[in-house]
Amino acid sequence: MFDNAPLGYQFLDIDGHIIEVNQQWLDSFGFSRDEVIGKWFGDFLHPEYKEDFLEKFSQLEETGQIHCEFEMLHQSGKSLFIAADGNIVYESDGGFKQILCILKDITRQKKAEADLQISERKYRQLYETMAQGVVYQAADGRIISANPAAERILGLTLEQMMGRSSLDTGWRTIREDGSELSGWDHPAMIALRTGKPYGPVVLGVYQPKLNDHVWISVNAIPIFKDGESTPSEVYTTFQDITAERKANQNYQLLFNEMVDAFALHEIICDDQGTPIDYKFLAVNPAFEKMTGLNAEDIVGKTVMEVLPGTEPYWIETYGKVALTGESVSFENYAAPTGKYFRVMAYQPAPMQFACTFSDDTTRVRAEKDLNRILSRLKSLLANSPSPIIIFDSKGNIVEISASAEKMLGLSDNVAGTKNISQLGLPDVVEKAQRLLQSSQREEKIIETIDVYEIEGGKRYFESRIFPIDVADYNENLFAYLGIDITDRMMAEQALKESEKKYSSYIENAPYAVFVVDEKGQYIEANSAASIITGYSREQLLKMSIRDITAEESIDKAMLCFNSLPKKGSISTELKYIHKNGSIRWWTLDAVKISEDRFLGFSIDITSKKQAEEELTYQSQHDYLTGLYNRRYYETELKRLDTESQLPLSLITGDINGLKLINDAFGHAEGDRLIIESARIIESCCRPGDILARTGGDEFGIIMPKTDCAAALEVLQNIQAALENFDAENNNGMYKHSVSLGCATKEKMEEEIEYLLKTAEEHMYQRKLLEANSAHSAIVSSIKATMFEKSHETEKHAERLVALSKAIGIALNLSQVELDKLELLATLHDIGKVGIRDYILTKPGKLSESEWAEMRRHPEIGYRIAMTSPELVPVAVGILCHHEWWNGRGYPQGLSGESIPLLSRIIAVVDAYDAMTNDRPYRKAMEPAAAIEIIRKNAGTQFDPQIAEIFADIMSIELNSALKY
């Protein structure tokens with residue numbers, strides 16, 4: 001039987017050396033018995049796990065049992081993952097005898113877990129990094145998840161989007177024509193209503209960061225749960241097409257607004273490939289205006305249909321362009337319009353040609369009008385308000401304007417009789433000759449500011465000397481042009497005075513004023529800036545934005561600064577570093593004053609921020625313990641209820657006996673118990689866990705990305721910490737007892753309310769089993785009544801608890817199921833309180849009617865358990881603990897796995913304990929004989945797997961007892 005067990009068994013001595021193994025152990029790891037017996041178990045482990053084994057093994061003597069997972073090496077060298085559970089077997093005098101370990105191969109389970117993690121990581125990486133925005137919405141349209149691309153495109157964080165639906169008017173959604181789009185017409189809501197994919201649809205959504213609409217192309221896909229015809233969710237994918245839309249608009253604007261006429265054609269050839277016609281594909285408004293032809297009348301038609309008299313020459317010319325790609329350009333006069341056109345034909349695509357028609361009429365007519373323009377030159381010189389003098393390289397005046405004569409006080413008809421040096425402008429000729437001598441003609445214009453007394457007042461002229469191009473290269477002419485800038489000079493002088501005045505205002509302003517360059521370097525700062533920051537003006541002018549900004553605000557500060565050249569202004573709040581090293585808050589409002597200069601204004605708002613932070617802290621924390629409060633706990637639970645946080649675990653806790661302590665010792669002592677319990681629980685939480693006080697004596701822990709095993713480990717650590725605290729700080733009045741329950745959400749389909757309920761049910765099960773809990777009084781009262789009525793003993797219940805838990809551990813049941821099994825083992829016969837005493841104590845065989853009454857006790861027990869919320873979780877187990885594997889049990893005649901697992905376990909251990917202890921109608925049976933009966937009835941009365949496991953466990957214990 002030992003060798004035929006389905007799991008690997010081994011006995012170890014106190015040093016960890018192998019005493020005995022079964023055949024399953026040898027088959028699992030490929031060794032012979034001679035290669036194993038006497039060897040240290042650690043030699044069969046992967047080297048990386050030997051230290052872990054030593055640590056676990058060293059704790060075995062203290063705890064009496066061990067549970068761990070190791071990587072073992074098969075005789076072939078391959079690795080196997082195993083789960084090991086071990087217990088110390090003691091001598092009858094309590095001395096150490098040996099260690100029994102059960103080994104289970106979990107290699108496939110480990111590989112599946114690893115594959116699942118890789119798959120989830122790949123999916124999450126794709127979801128987080130894809131360029132398209134993705135938004136998940138619940139059946140009512142509320143947003144439950146969104147990827148980073150969606151946050152970037154919509155300009156909102158996930159927290160800002162969570163809970164909003166497509167019906168929210170804040171989206172300000174519009175159609176392509178600019179009209180408002182109702183939330184009911186959003187693709188996501190249509191997909192939810194119809195149950196069918198919908199899209200793509202182009203729509204505009206208001207983007208708060210841009211203060212403008214972004215244009216997106218949207219597709220919505222409904223999601224169905226298995227077997228349901230109504231969508232439970234919808235996911236929407238979209239991409240930002242704002243730039244593409246703008247480019248199309250710009251192209252269309254250019255096409256429609258361009259001055260030149262444009263037409264796109266497709267050449268038409270005969271079977272020999274000779275061009276015989278061409279078709280109009282597109283024309284712009286300028287073409288319509290130039291030709292008088294409407295696009296709607298000609299697009300899609302051929303030139304021979306539109307203009308039947310078109311000469312073959314033009315078709316041949318354009319055909320050559322379309323077929324060879326060789327461009328042509330020529331000038332054409334249109335007699336009907338009396339205009340000259342420059343025509344450019346080119347090939348934009350095979351078998352196509354495009355023509356642009358630019359109006360050259362102005363140029364042609366300008367050439368014809370040149371003589372008339374020259375004749376008007378003298379009129380210009382006579383009437384120009386600006387002084388103009390044209391002279392040669394020797395200073396001889398060729399032409400002079402009337403205003404120049406007036407400015408210089410000259411009489412009429414001086415041109416040709418005077419030299420410019422005689423007019424009081426001797427340096428003009430020198431400057432002109434400098435222009436003449438300049439190689440490469442780098443200097444084209446020499447500018448000066450001249451002042452003249454005209455009509456009793458000063459007038460300022462911006463004088464320019466420049467060469468004039470002439471046809472005769474042997475002749476050099478220059479022009480002296482004076483532009484009256486008196487008003488500008490007066491304005492500049494007034495501006496300087498104004499700047500001086502406003503500089504005084506800025507210097508004495510109560511808020512900090514900065515000027516920074518394009519690199520973020522401070523180049524000016526007022527006195528208030530020094531007072532606020534603690535730095536002197538000289539120190540500030542050696543610093544940059546990065547130097548004074550606190551580390552946590554640098555990214556935000558640089559993002560704002562880099563957007564200034566384009567936006568023109570920004571307004572934000574940042575943390576800065578005071579000279580004394582403290583981190584403080586200030587506002588920053590900045591504007592662009594030139595391409596490389598920016599003006600900033602700041603006010604210190606540290607006190608305001610501290611008040612806001614204090615208010616936020618108080619709104620989120622419990623006043624007594626300093627832990628998070630229930631409001632924050634519920635908010636975070638909703639926020640973390642996303643696929644990225646799975647598995648999501650909760651621990652619910654309730655302090656036992658708080659009311660009694662408040663009544664007996666006062667509320668101050670009760671508060672002390674709450675505070676100390678909170679600190680102990682907090683010490684066991686991991687980084688990332690969220691601990692909150694959710695009620696007077698209640699606590700909750702949210703554990704993102706935490707599976708059931710890790711959550712149970714935290715729960716057990718808390719229980720151990722509470723016990724250790726009481727051991728080290730015994731106050732003689734009360735113990736720190738907290739009932740704890742946990743639950744884990746593995747899939748998004750699971751409701752969070754169900755998770756909370758499951759954790760609470762687990763907690764209430766623990767309360768029933770913990771002596772300090774008021775709830776346990778219920779169990780104690782029921783047990784007392786049950787033991788008195790049924791003549792069962794406390795020892796019987798304890799034996800059933802121990803035996804059933806041994807089977808539960810061998811089956812790898814969770815702690816939650818083990819707790820439920822312990823409660824069921826204690827109360828499975830609760831229904832016997834409803835059976836008459838003489839039947840329960842009758843020494844002889846029961847009559848048919850008496851047996852019928854006895855068979856009612858599972859149903860009576862079920863009804864009793866259902867009346868108490870604390871016992872509801874084990875009610876069905878009580879009802880079914882006398883059902884048989886073959887369906888011949890009572891009261892329902894269930895069979896096989898339709899019988900609850902916990903009831904099948906109780907059926908085996910209850911039968912064994914009944915056989916091995918005295919009853920009114922018979923004496924106790926020997927354990928070995930009872931085990932044999934259990935084996936014999938496996939598959940008929942008992943679950944064969946459970947019967948086998950139990951028989952193996954009891955046989956090992958009996959064999960161990962016989963050896964000693």
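Helix H2 keeps Phe 53, Phe 57 and Leu 60 buried, where buried means under 20% relative accessible area, exposed means over 50%, and partly exposed falls in between (1.4 Å probe, protein chains only). Seen down the axis of H2, these buried residues fall within an arc of 35°, so they line one face of the helix; the arc is taken over the directions from the helix axis to the C-beta atoms. An α-helix has 3.6 residues a turn, so residues three or four places apart point the same way. On the other side of H2 sit Glu 51, Ser 58 and Glu 62, which are exposed.

A word on the model itself: it is a predicted one, with local features needing pLDDT of at least 70 and side-chain atom pairs counting only at pLDDT 80 or more, while totals for chains, interfaces and linings use all residues. Residues are numbered from 1 along each chain as its sequence is written, and side-chain values use heavy atoms, with hydrogens and water left out.

The buried residues of H2 pack against strands S1 (8-12), S3 (65-73), S4 (79-90) and S5 (96-105), a contact being heavy atoms within 4.5 Å. Just after the helix, Gly 64 takes a positive phi of about 85°.

Zooming out, the chain has 37 helices and 29 strands, which are DSSP runs numbered from the N terminus (helices are H or I, at least four residues; strands are E, at least two). Of the 964 residues in the chain, 43% are buried. Among contacts between residues at least 6 apart in sequence, 50% join residues at least 24 apart. The accessible surface of the chain comes to about 52,200 Å², with 52% of that belonging to carbon and sulfur atoms.

On to the rings. The whole structure holds 26 aromatic pairs. One of them joins Tyr 313 and Trp 314, whose ring centres are 5.1 Å apart and whose planes meet at 70°, so the pair is edge-to-face. For pairing, rings of Phe, Tyr and Trp (its six-membered ring) need centres within 6.5 Å; planes under 30 degrees apart count as stacked, over 60 as edge-to-face and the rest as tilted. Tyr 313 is partly exposed at 49% relative accessibility, and Trp 314 is partly exposed at 24%. Both belong to an aromatic cluster that also takes in Tyr 278, Phe 280, Phe 287, Tyr 318, Phe 330, Phe 353 and Phe 357.

The charged end of Arg 164 sits over the ring of Trp 171, 4.1 Å from its centre, the criterion being NZ of Lys or CZ of Arg within 6 Å of the ring centre and within 35 degrees of the ring normal. Arg 172 lies over the face of Tyr 206, at 3.8 Å from the ring centre. Arg 172 also has a positive phi of about 50° although it is not a glycine. This arginine is in the loop between helix H5 (158-161) and helix H6 (187-194), and is partly exposed at 47%.

Asn 812 is another non-glycine residue with positive phi, near 60°. Asn 812 lies in the loop between helix H29 (794-810) and helix H30 (815-827).

Finally, cis peptide bonds. The bond from Gly 199 to Pro 200 is cis, with omega near 0°, and Pro 200 is in strand S8 (residues 198-207). The bond from Tyr 890 to Pro 891 is cis too, with omega near 10°.

Conventions: Accessible areas come from the Shrake-Rupley method with a 1.4 Å probe; for residues, only the protein chains shown count as cover.
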